[in-house]
Amino acid sequence: SIAEYCSKLLSSGKPEDEASVRTIVIHILNIWEKLPSQTYPLWTDITEAIGFYPYIEKNNGTMKLNSFSDEIRQKSFLSDYLGTATYMHREQKRLSDYLLAGKNVITSAPTSFGKSLLIEEVVASRKYANIVVIQPTLALLDETRIKLKKYNDYYKIIVRTSQPVSKEKGNLFLLTAERVMEYEPLPHIDFLIIDEFYKLSLRRVD
């Protein structure tokens, strides 16, 4: 009955109804092992319909796509640069396509959205020589550094204002807003990411 309710919501075509289905599916996926196995195909169809392809890949032992067209659709959400097992959900893929086409994007998304995966996708593409990632805390920057250090062959990772830029390879600046302002001389920046950009405002206290 819950799957039927989700199908009716999806058929309405309204964004708010699809958002409700996404919330329900997240809860369903959290209790996936407790569901009757007979309902797996129902929920796989619904999960595919809302573009949650990373979850289909993660649960590929029990979530089987039912047609060749489903499989083709899933493959279109495969990351272009992060290997053969990294799938994006629909909104991630849409943003990735925008970013790699050189467009400017402002996005508001929850913590679990996967923005860090998008940052890694841009870095892994090696499309941009000098990249700046601004994050509000050193702890967040250190997490990003650990995740991106695998790209050392292509980028010098700069986390301090005392580190000079590399002329032999690209430069990946991982800095707070204050440190970016202090870094001199800053080379031409090809790609800029400001994470949690609302925290740049001194008028806000949240």
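1. Ile131 has contacts (heavy atoms within 4.5 Å) with Val122, Val123, Tyr155, Asn171, Leu172, Phe173, Phe191 and Ile193, leaving aside its neighbours within four places in sequence. This is a predicted model, in which local features need pLDDT of at least 70 and side-chain atom pairs count only at pLDDT 80 or more, while totals for chains, interfaces and linings use all residues. Residues are numbered from 1 along each chain as its sequence is written, and side-chain values use heavy atoms, with hydrogens and water left out.

2. Ile131 and Leu172 touch the most other members of the largest nonpolar core, which has 25 residues. Such a core is a set of buried Ala, Val, Leu, Ile, Met, Phe, Trp, Tyr and Cys residues joined through side-chain atoms within 4.5 Å. At least two residues of this core come from each of helix H6 (90–100), helix H7 (115–125), strand E1 (130–134), helix H8 (138–148), strand E2 (155–158), strand E3 (170–175) and strand E4 (191–194). Helices (H or I, at least four residues) and strands (E, at least two) are DSSP runs, numbered from the N terminus. H7 gives the most, with 6 residues. Another core, of 22 residues, lies apart from this one and includes Leu9, Trp43, Ile56 and Met63.

3. Phe191 lies in strand E4. With a relative accessible area of 9%, Phe191 is buried (under 20%; exposed is over 50% and partly exposed in between, with a 1.4 Å probe and protein chains only). Not counting residues up to four places away in sequence, Phe191 touches Leu99, Val122, Tyr128, Asn130, Ile131 and Val132. The C-alpha atoms of Phe191 and Val132 are separated by 6.4 Å, although the two are 59 residues apart along the chain.

4. Helix H1 (residues 2–12) and H3 have axes that come within 10 Å and cross at roughly 25°. Axes are lines fitted to C-alpha atoms, for helices over the stretch in contact, and angles run from 0 to 180 degrees between N-to-C directions. H1 is therefore roughly parallel to H3 (under 35 degrees; over 145 is roughly antiparallel, 65 to 115 roughly perpendicular and the rest oblique). On the H1 side the contact is made by Ile2, Ala3, Cys6, Ser7 and Leu10, and on the H3 side by Leu42, Trp43, Ile46 and Ala49.

5. The axes of helix H2 (residues 15–30) and helix H3 (residues 40–49) also come within 10 Å, crossing at roughly 135°. H2 and H3 are therefore oblique to each other. Val21, Ile24, Val25 and Ile28 of H2 meet Trp43, Ile46 and Thr47 of H3.
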